[in-house]
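Hi there,

Have a look at it first, and then read on for what turned up.

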Amino acid sequence: MELVVKIAEGFNGMISKGGENLVGLITSILPNLIILLTLINAIIALIGEEKVMNFAKKITKYRILRYTLLPFMALFFLTNPMCYTMARFVEEKDKAACIDGMFTFAHPMLGLFPHANPGELFVWSGIAAGITTLGASITPLAVRAILVAFIVAFIRGNLTEFITVKLLKKGKAQ
């Protein structure tokens, strides 16, 4: 019987800690997230959705922008999962690589732009909690993560494009 009581107390303690974490997120990150979403939607409304889409279509002509700037902007303005619709502006052979670039940015953006991928916010929150417990700022890590994401997205985008082209050629040869 004592074991059952200890298990129940442990379970209740875990639920309480989860509740404390949720309240912490609601009072700290959630207001920022709401303001950022409102700001991004206001910017798109002011610029005009059609102009944003035309701009995206123009920059996809350049490989470096297609796998760095477009994925970054798509996640920033449209957030996850809506960002993947931006792949419609790239050629068929480049779609997989463009999506790969967006996948690459999904987590690194959370440190500076939590609205970009709110479904995965718990990952960044855990990292941030550990860093702030040590008394350090999370901003340097967030900036470094974004910079590394630009490099990795470019490499992955090019590699995925290369593989996709090879597979498409192989498929046409059969």
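**The largest pocket**

The largest pocket has a volume of about 250 Å³. Please keep in mind that this is a predicted model. Sixteen is the number of residues lining the largest pocket, and those closest to its centre are Leu25, Ser28, Ile29, Ser125 and Ala128. Two elements, H1 and helix H6 (121-133), each give two or more residues to the lining. Sorted by class, the lining of the largest pocket holds nine nonpolar and seven polar residues, with no charged ones.

As background, rolling a probe the size of a water molecule over the atoms shows where empty space is left.

**How H1 and H4 pack**

Two packed helices are described by the angle between their axes and the distance between the axes. For helix H1 (residues 2-47) and helix H4 (residues 69-78), the axes come within 8 Å and cross at roughly 110°. Angles of 65 to 115 degrees count as roughly perpendicular, so H1 and H4 are roughly perpendicular to each other.

Which residues in H1 meet H4? On the H1 side they are Ile40, Ile43 and Ile44, and their partners in H4 are Phe76, Phe77 and Leu78. By class, the contact of H1 with H4 has six nonpolar residues and no polar or charged ones.

**Threonine 79**

Threonine 79 sits in the loop between H4 and H5. Most residues other than glycine have a negative phi.

Is threonine 79 buried or exposed? Its relative accessibility is 7%, and buried means under 20%, so threonine 79 counts as buried. Leaving aside residues up to four places away in sequence, threonine 79 touches Leu37, Ala74, His115 and Ala116.

Aspartate 94 lies in the loop between H4 and helix H5 (95-106). With a relative accessible area of 1%, aspartate 94 is buried. What does aspartate 94 touch, not counting residues up to four places away in sequence? The residues are Arg66, Tyr67 and Glu161.

Threonine 68 is placed in the loop between helix H3 (63-67) and H4. Threonine 68 is buried too, with a relative accessible area of 8%. Beyond residues up to four places away in sequence, threonine 68 touches Phe105, Phe150 and Phe154.

**An exposed residue**

Glutamate 50 belongs to helix H2 (residues 49-59). Its relative accessible area is 62%, and exposed means over 50%, so glutamate 50 is exposed. Glutamate 50 and lysine 166 are 116 residues apart in sequence, and from C-alpha to C-alpha they are 34 Å apart in space.

Happy to talk any of this through.

Best wishes

Note on methods. Residues are numbered from 1 along each chain as its sequence is written. This is a predicted model: local features need pLDDT of at least 70, side-chain atom pairs count only at pLDDT 80 or more; totals for chains, interfaces and linings use all residues. Side-chain values use heavy atoms; hydrogens and water are left out. Axes are lines fitted to C-alpha atoms, for helices over the stretch in contact, and angles run from 0 to 180 degrees between N-to-C directions. Helices (H or I, at least four residues) and strands (E, at least two) are DSSP runs, numbered from the N terminus. Angles under 35 degrees count as roughly parallel, over 145 as roughly antiparallel, 65 to 115 as roughly perpendicular and the rest as oblique. Contact means heavy atoms within 4.5 Å. Ala, Val, Leu, Ile, Met, Phe, Trp, Tyr, Cys and Pro count as nonpolar, Asp, Glu, Lys and Arg as charged, and the others, Gly among them, as polar. On a 1 Å grid over the protein atoms alone, a cavity is a set of points where a 1.4 Å probe fits but cannot get out, and a pocket is an open set with protein on both sides within 12 Å along at least five of seven lines; lining residues have an atom within 4 Å of a point. Grid points are joined across faces, edges and corners, and a volume is the space filled by probe spheres set on the points. Buried means under 20% relative accessible area, exposed over 50%, partly exposed in between (1.4 Å probe, protein chains only).
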